[in-house]
Amino acid sequence: MSKRSPFLISCMAFGFAFLYVPLLLLMIYSFNDSKLVTVWGGFSTRWYGELFQDDQILGAARTSLVIAAMSATLSTILGTICGLVLARFGRFRGRTLFSGMITAPLVMPEVITGLSILLLFVALEQLIGWPEGRGMTTITIAHVTFTMAYVTIIIQSRLGQMDESIEEAAMDLGARPLKVFFLITLPIIAPALLSGWLLSFTLSLDDLVIASFTAGPSSTTLPMVVFSSVRLGVTPKINALATLLVSAAAFCIVIAAIIMRRAERERERAIAKAMAEQEQM
C-alpha cells in the first residue's frame, strides 16, 4: 500500500479549509443574537424570523427561483440538441463556427455578454416591439444564452463515452431513430441531463452581472438585492439567507448524487443481464 505524502495531504486540507471554513463561520454567525456579525451575542434564531418577514428578499427569491428553473429547463433542452449535433453528426460544413458560437459564452466576460444582450433587446424592441422593456423574460433569455454552453459540453462528453453499438442494435431490430433516442439514448444520458440542469440552475440563481444588465424595475433578482444590501453593511439576516441557500444546495447535491448512483447501478444491472442472456443463447 503506497504511503501518501504529508505535503499533499496538508495542501488538500488547506484547500478544503480555505473553501469551507468561511461558509461554516457564516452559518454559525447566522444564529448570532447580536446585530454585529463579528461579535457573538448568544444563540438566537431572530434573524431567520426577520428574513421571512422581509418582502423584498422573499419576492426577489421567488423571481430568482422561477428564472433559474425556466432557464435551466430551456438550457437543458437546447444544450442536449447541440450536444447531439456535435457528437453524432460528424464533420459538416460550418461545424467549427457552430461549435465556436456554442462555447463562446464560456470565455466571454460577463460584462461584455450582458451589454451585448442588452443592446440586442433594445434593437429588437425598436424594430419589432419585442421585448417590451426588461423583465423576467429578458433575464431568462440571457441566462439561457450562457448556461446552454455548459449543458452542451456535458452532453457531448457523455455521448462521446457512450457505446453506439447499443443504438445500432436497436435500429437493426427495427426501431426508428426517434424511438431509439427516447428509449435508449435518453435513459443512458439521464445523469448527464440532471447534472446539466443543476449546473444551469445554479449558474442562473447565482448570476449578478448579466441579470443587472437585463433586469427591469419589477424583476429584481436575489443576488441583486443581496449585493445592494451588502454595500450598506453585512447583517446577520444576510447570513441567515446564505445559510438557507447553502443548505438547499447541499440537499440538492445529495439527492442528485443518490439519483445518479441508482441510475448507474440500474444501467450496469441491465447491461449485465443482457450479456448473461446473450451468453446463454
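Now the model. It is predicted, so local features need pLDDT of at least 70, side-chain atom pairs count only at pLDDT 80 or more, and totals for chains, interfaces and linings use all residues. Residues are numbered from 1 along each chain as its sequence is written, and side-chain values use heavy atoms, with hydrogens and water left out.

The largest pocket holds about 950 Å³ of space. A pocket here is an open set of points on a 1 Å grid over the protein atoms alone, where a 1.4 Å probe fits, with protein on both sides within 12 Å along at least five of seven lines. Lining residues have an atom within 4 Å of a point. There are 30 of them, and Thr 202, Leu 205, Leu 245, Val 246 and Ala 249 are the closest to the centre. By class, the lining has 28 nonpolar, 1 polar and 1 charged residues.

Which element gives the most to this lining? That is α12, with 13 residues. Helices are DSSP runs of H or I, at least four residues, numbered from the N terminus. The elements giving two or more residues include α1 (6-29), α3 (55-88) and α9 (190-206).

Where does the largest pocket lie? It lies between domain 1 (15-44 + 234-281) and domain 2 (59-232), because both give residues to its lining. Those bounds come from an automatic or database domain assignment.

Next, helix packing. α3 and α9 pack at about 140°, axes 8 Å apart. Axes are lines fitted to C-alpha atoms over the stretch in contact, and angles run from 0 to 180 degrees between N-to-C directions. Now α7 (164-172) and α8 (177-188). Their axes come within 10 Å and cross at roughly 150°. They are therefore roughly antiparallel (over 145 degrees).

Last, a peptide bond. Most peptide bonds are trans. From Trp 130 to Pro 131 the bond is cis, with omega near -5°. Pro 131 sits in the loop between α5 (110-128) and α6 (136-161).

Key: Grid points are joined across faces, edges and corners, and a volume is the space filled by probe spheres set on the points. Ala, Val, Leu, Ile, Met, Phe, Trp, Tyr, Cys and Pro count as nonpolar, Asp, Glu, Lys and Arg as charged, and the others, Gly among them, as polar. Angles under 35 degrees count as roughly parallel, over 145 as roughly antiparallel, 65 to 115 as roughly perpendicular and the rest as oblique.
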